[in-house]
Amino acid sequence: MKTKRLRFERDSASALKNQKLQGALRNATDRFRTVREKATGEIKGWENLRIKAREIKKHTVEHLDQYLEILEENIMKAGGTVHWAKDGNEACSIILDIARSNNVRSAVKSKSMATEEIELNHALEGAGIKVVETDLGEYIIQIAKERPSHILAPAIHKTKEDIAKLFAEKLNTEPGLEPEKLTNVAREKLREEFLSADMGVSGVNFAVAETGTIVIVENEGNARLSTTVPRIHVALMGIEKIIPRFEDLSTFLSVLFRSASGQKMSAYVSFITGPRRKNDLDGPEEFHLVIIDNGRSEILAHEETRESLHCIRCGACLNVCPVYRKVGGHSYGWIYSGPIGAIITPQLLGIDKAPDLPFASSLCGACKDVCPVKIDIPRVLLELRRRVKNNKRTRAGFGERVAVRLWRFSMEHRKIYSLFSSLSYIAQKPWLQEGRLKSLPLPFSRWTRHRDFPPVPKKPFRERWKEIRDSK
Amino acid sequence: MSREEVLRRIKTGLRGSQTNRESKEKSLFLSANDREIQGRVIRLRSELAEKKWGLINRFVDEIAKASGRAVVTKGEDEVGEFIINLIDERNVKSLAIWRTDLLTSLREFLLDKGLRFASPGSKSDMAEVNIGITEANFAIAETGTIVLISNENQPRSVSLIPPIHIAVMKSDIIVENLDQLFFLVQNSSEPTSCMTFITGPSRTADIELNLTLGVHGPKELFVVIHP
C-alpha cells in the first residue's frame, strides 16, 4: 500500500472555511455527545466497567499470540477457515482467491474499518467483482465516490439535500426526497443486491477466543443480511479485535453502545460461530475469517504506545474533540479520524506519512475522559510527537531547531529572558493594531493567520506579582 | 507462511514485557467445575422466577423505548388471536415460521385458517414473505432485547427478511442483564452457528441523524408473551 504524505494543515484549513460542513459537524457531534452523556450517566458503575474493559484489553494484548491461536482452533472446530495476512495486499489477495475459487461475481459488504484500511473494494473491483456497500451511510459515500468522515456516521458531512440530489442524479429518483423516502429507495435497491450476491464481507467488533465466535453490532440489519443470505461469508479483523472469554462480551457490549450511539443496546448483535451446520436451512455454506496484522504488531512492540490497540472503535473521542469538531474527518487524510486517528494513523502508515497528526490536538484530554477503554490518548500523542521530532525525515527544520534552542537558553537564564521580553515590547510596536498583534511577519505569521496574539505588556508578570505581594 | 510470521512478530513485540505472561491455562479460563456451574444455573433461575412480573414489566417498557411492541397475553388462544388480527389488518399473503414446540399449535391454527408457510431455505420464497414468526430463546429486561438462537428448526432469515417480525416467548426466559444472559447461554444451551440479539426494529440515522425505521431488516417488531 502506497500512501502519500497526508496534508492535515492544508485539508483542515479548507474544512474550516466550509460553512455547511461546520454546521453538520456541530449538529452531529453535539447530538452524539448528549446521548453518550445521558447513557453513561444512567448506568450504575460506569467507571468500574471502563476499568474492567481496560484491564481485559491490556491482558489480552499482552497474550495476543496465545489468544489468536485459541481463536483459530475454535473456529476450525466449528467448520470455519482461518487465514492470516501480514499486510493489506496479502489480505486482499486472500479474499480475492476465495472469491475466484467460488466464481463470485458480486459481493455485499457491511461496514468495516478494516476493509477500508486495506482498500478491499478497489482490489475486488479490479478483478471484475461488483462490490456494494450496504450500510446506508457507506452506500451514500460509495455512490458519491467519497470517503467516510465519521467512524459511526460515515456521511455526516452531507446534508439531506445533498443526498436527495445525489440519489436523483445517480439512482434516477425524484428530486428533493425526504430522509424516509431516501431510506426506502436504498432498501429496495440493496435488497436486490443481497439476494443476488455470492459473497458477503463483514468486519468484526469482537472475536471471542474461548468459543470461536465473531460478534458484529449494527442497527440497520445489513450486516445480518450480508452474513446470512450469500453463500460465502468472509470476515476481516485486525489482530487486536480479540477478547478471551464469552462472558467478557458483557463488559464490552455494555461500554460500546453507550459510548458510540448512546444506546443501551444496538438493534442487532450477531454472534457467528462458523458456517451453517449440516441441517441448517440458511446461513452461509462457507465461513472465512481473515486475521490481519498490517502494522499492528509494530504498535505492539512499543510498550509506550501499545494501548493504542485497546481501541474498540466507538467514536466517542471524535465527538468531544475540539479539533475534530472543527476540521471534520476528511482533514485527517485517512480512514481513522479524530483523536484516535491522530494516534493510529501515524503508527499504521508510518510516522513520516502523517507527521502533522500527533500535533492536531490541544492535549485537552477530553478524549481520555470519554474513552470506554481508558486509552491515555494525550500521553500517546506526546510520545508520537517525540518520534516525529526524532525522525530524520520529519524533524524540525534548521530555523525551528535554532529558535527552540534560543528559547530554551533564554528560559534557563533569567536575565536573557528579561532582556528578550523588554526587546519584544519595543519591537512589537510597528505591528500593534487596536492593542492586538493581528498580523506578525515571518516566522510568527503562521500564528496570526488564524488568531490574534496578545501584545507583550510593558510590565512583565513577575514584576506585577511582586507589586501585588508587596502591597499586602 | 504468514500465520507463523504474524505470530512471530507478535511474540517478538511482546518480548521484554513477558514478566506478566503466565501460562495460558493459568491466566485464561478459570473455569469452575460443572456441578458448581449447574448449581449456579439453578439458583439464578429460581431467583429470576421470583422476580417474574418485575422482569416482564421492565422488558415491556424497554422494548417500547426501542420502538418495538410487546403484548402480554393470557394464554395460547390470545397469542393466536393477536397474530390472526395482525394478519388480517396487514393483508398478509405469505408467512414463515420456526418449528418449535411452543409454536406447533399456532402453526396448525394458522394452517387451518388457510395460510401457507414459505420455506426458509429458499431466498426467492423468503423475499415474498410478509411476516416471520419466531420464538425468543432468551430476553433481557434491562435493554428490551430478545435473543434468538438459530439451528435447523430455527432459521435466521425468518426474523430478518420479512418486513414484520413477531417473536413469541414464554415469560420465564427473561433475565435481568447481560451478565446473566451470557452465563445462561454458555451453560444451558447448545452452541450453534448463530445467535442474534434483537432490540426493536431495524433503524438508521445515517441521513442527518434522522431516525428512520426499517432500513434493511424488519420495519416492525412485535413480541407476544405467554404468561
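Which domains is chain A divided into? There are three entries to remember: domain 1 covers 1-42 + 310-395, domain 2 covers 46-294, and domain 3 covers 398-471. One caution before we go on. This is a predicted model.

Let me start with the whole chain. Chain A has 472 residues, and buried residues make up 49% of them. The C-alpha trace spans about 90 × 55 × 45 Å along its principal axes. Count the secondary structure, and you get 22 helices and 12 strands in chain A. Now take contacts between residues at least 6 apart in sequence. In chain A, 73% of those join residues at least 24 apart.

Next, domains 1 and 2. Their C-alpha centres in chain A lie 23 Å apart. Look at the domain 1 side.

Find the open sheet of 6 strands in chain A. Read across, its order is β1-β10-β7-β4-β2-β3, and the pairing is parallel. Which strands are at the edges? They are β1 (81-85) and β3 (130-133) of chain A, and each of these pairs on one side only. From one strand to the next, the twist averages 20°.

Let's zoom in on one pair inside that order. Strand β7 (residues 232-238) of chain A pairs with strand β10 (residues 286-292) of chain A. They run in the parallel sense, over 7 bridges. For a landmark, find A:G238; opposite it stands A:I292 in β10(A).

On to the partner, chain B. On the chain A side, 71 residues are in contact with 57 residues of chain B. Which helix gives the most to that side of chain A? Helix α10 (residues 179-196) of chain A does, with 8 residues. The side of chain A that touches chain B divides into 32 nonpolar, 19 polar and 20 charged residues.

The two chains also share strand pairing. Strand β9 (residues 268-272) of chain A joins strand β8 (residues 194-198) of chain B through 5 bridges. This pair is antiparallel. Here too there is a landmark: A:Y268 stands opposite B:I198 in β8(B).

Last topic, the core. A general point first. In soluble globular proteins, nonpolar side chains tend to be buried together. Here, the largest nonpolar core holds 183 residues. Which of them touch the most other members? The answer is A:C317, B:V147 and B:V223. Helix α12 (residues 248-260) of chain A gives the largest share of this core, 7 residues. Why does the core lie between domain 1 and domain 2 of chain A? Because both domains give residues to it.

Let's end on B:V147. Set aside its neighbours within four places in sequence. B:V147 is then in contact with B:A136, B:N137, B:F138 and B:A139, and also with B:L181, B:M195 and B:F197.

To recap: three domains in chain A, an open sheet of 6 strands with parallel pairing, and an antiparallel pairing that joins chain A to chain B.

Conventions
Residues are numbered from 1 along each chain as its sequence is written. Chains are lettered from A and ligands numbered from 1 in the order in which they are written. This is a predicted model: local features need pLDDT of at least 70, side-chain atom pairs count only at pLDDT 80 or more; totals for chains, interfaces and linings use all residues. Domain bounds come from an automatic or database domain assignment. Two residues are in contact if their C-beta atoms, placed from the backbone, lie within 7 Å. Helices (H or I, at least four residues) and strands (E, at least two) are DSSP runs, numbered from the N terminus. Ala, Val, Leu, Ile, Met, Phe, Trp, Tyr, Cys and Pro count as nonpolar, Asp, Glu, Lys and Arg as charged, and the others, Gly among them, as polar. Two strands pair if DSSP finds at least two bridges between them. A nonpolar core is a set of buried Ala, Val, Leu, Ile, Met, Phe, Trp, Tyr and Cys residues joined through C-beta atoms within 7 Å. A residue is buried if 20 or more other C-beta atoms lie within 10 Å of its own, exposed if 12 or fewer, and partly exposed in between; C-beta atoms are placed from the backbone. Axes are lines fitted to C-alpha atoms, for helices over the stretch in contact, and angles run from 0 to 180 degrees between N-to-C directions.
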